[in-house]
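The structure under discussion is shown below.

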Amino acid sequence: MKIQTLSIVVPAGCPNRCSFCVSRLHNTDKYINQIEKNTRFKHLYRRDYLARLGFARDNGCNTIVFTGSGEPILNMEFLESAATWNRELEHPFRWLELQTSGTTLNEKKLKILRNEIKVATIALSLSSIWSDDENAEYNNTPAKLKVNIESLCRKIRELDFNLRLSLNLTDKYNRRSPEEIFDRASALNANQITFRILYKDKSPETELSRKINLWIENHSCEITTIDAIKEYIITYGRKLEQLPFGAIRYSVQNISTVVDEDCMSMKAREVLRYLILRPDCKLYTKWDDQGSLLF
């Protein structure tokens, strides 16, 4: 079995209510938080958690991504515990990444992530690379938690993390040239960019799913803009290698660049894009399907 990454679901709430967030449609309550809440059998579930970490590692996976349906950095205690469990493996994961919207990510948390948890890459998810206000608007971030993009990127790079900008391709990128996007990313001192194409949810329709899908339909980046971005990458970028899940990685303006057209891993592949370790201490292969339980 070939596995690219292990996505660790950090049990945490989320201060954002992103207009396009399909994870809100999936009932995370189905996955019982055994690792934190089942204190009666704490050692049993800790053993189970370590077994799943070891299983992913034994099957050639070398990358952990701390992520979730909420904001991972709202549960720093869990992140520190997970890092401790990882170090107990015979062959620990060395490549640790954090996916975050940046809300509440301050210098104190960054130092813990860098020095104690040993995260190497911060993947900062943005709905607009241009404006703090636009980004907060589409993420529905409370005013007092609005992310200062330039300041946060500067702090991330000052502490020598790898900075990946994970750009949700909303209509804020329309009428902007690909060159402008890369120039802005360079100004933010980004090391990497992932362009994430938004797709409507295809699960059974509900009032919430209709609302989210309508928003995506009305506010997704135009296909002509996406095609222009792809063309710019191919024309001006240096082809590096093909990633296990099929995408090609390029170097554009010295920025590692990938266009992600399958962020939910909906396509069946020989290579598992990721395993998902949930707080129930079990491994899954899909975000939106309990039937994808593997181990």
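## Charges over rings

A charge is taken to sit over a ring if NZ of Lys or CZ of Arg is within 6 Å of the ring centre and within 35 degrees of the ring normal. In this predicted model, Arg-52 lies over the face of Phe-295, at 4.1 Å from the ring centre. A further case involves Arg-278, whose charged end sits over the ring of Tyr-284, 6.0 Å from its centre.

## Aromatic pairs

Across the whole structure, the search finds 11 aromatic pairs. One of them joins Phe-78 and Trp-85 in an edge-to-face arrangement, 5.9 Å centre to centre with 80 degrees between the planes. Phe-78 has a relative accessible area of 3% and is therefore buried, the limit for that class being under 20%. Trp-85, at 11% relative accessibility, also counts as buried.

Another edge-to-face pair is formed by Tyr-274 and Trp-287, with 6.2 Å centre to centre and 65 degrees between the planes. Tyr-274 belongs to strand 10 (residues 272–277), whereas Trp-287 lies in the segment after strand 11 (283–284), so the pair ties together parts that are 13 residues apart in sequence. Both Tyr-274 and Trp-287 are buried.

## Aromatic cluster

Which residues form one aromatic cluster? The cluster consists of Phe-182, Phe-195, Tyr-232 and Tyr-236.

Technical notes: Residues numbered from 1 in each chain as written. Predicted model: local features only at pLDDT ≥ 70, side-chain atom pairs only at ≥ 80, totals over all residues. Heavy atoms only, no water. Phe/Tyr/Trp six-rings, centres within 6.5 Å; stacked < 30°, edge-to-face > 60°. Buried < 20%, exposed > 50% of the residue type's maximum accessible area, 1.4 Å probe, protein only. Helix = DSSP H or I, 4+ residues; strand = E, 2+ residues; numbered from the N terminus.
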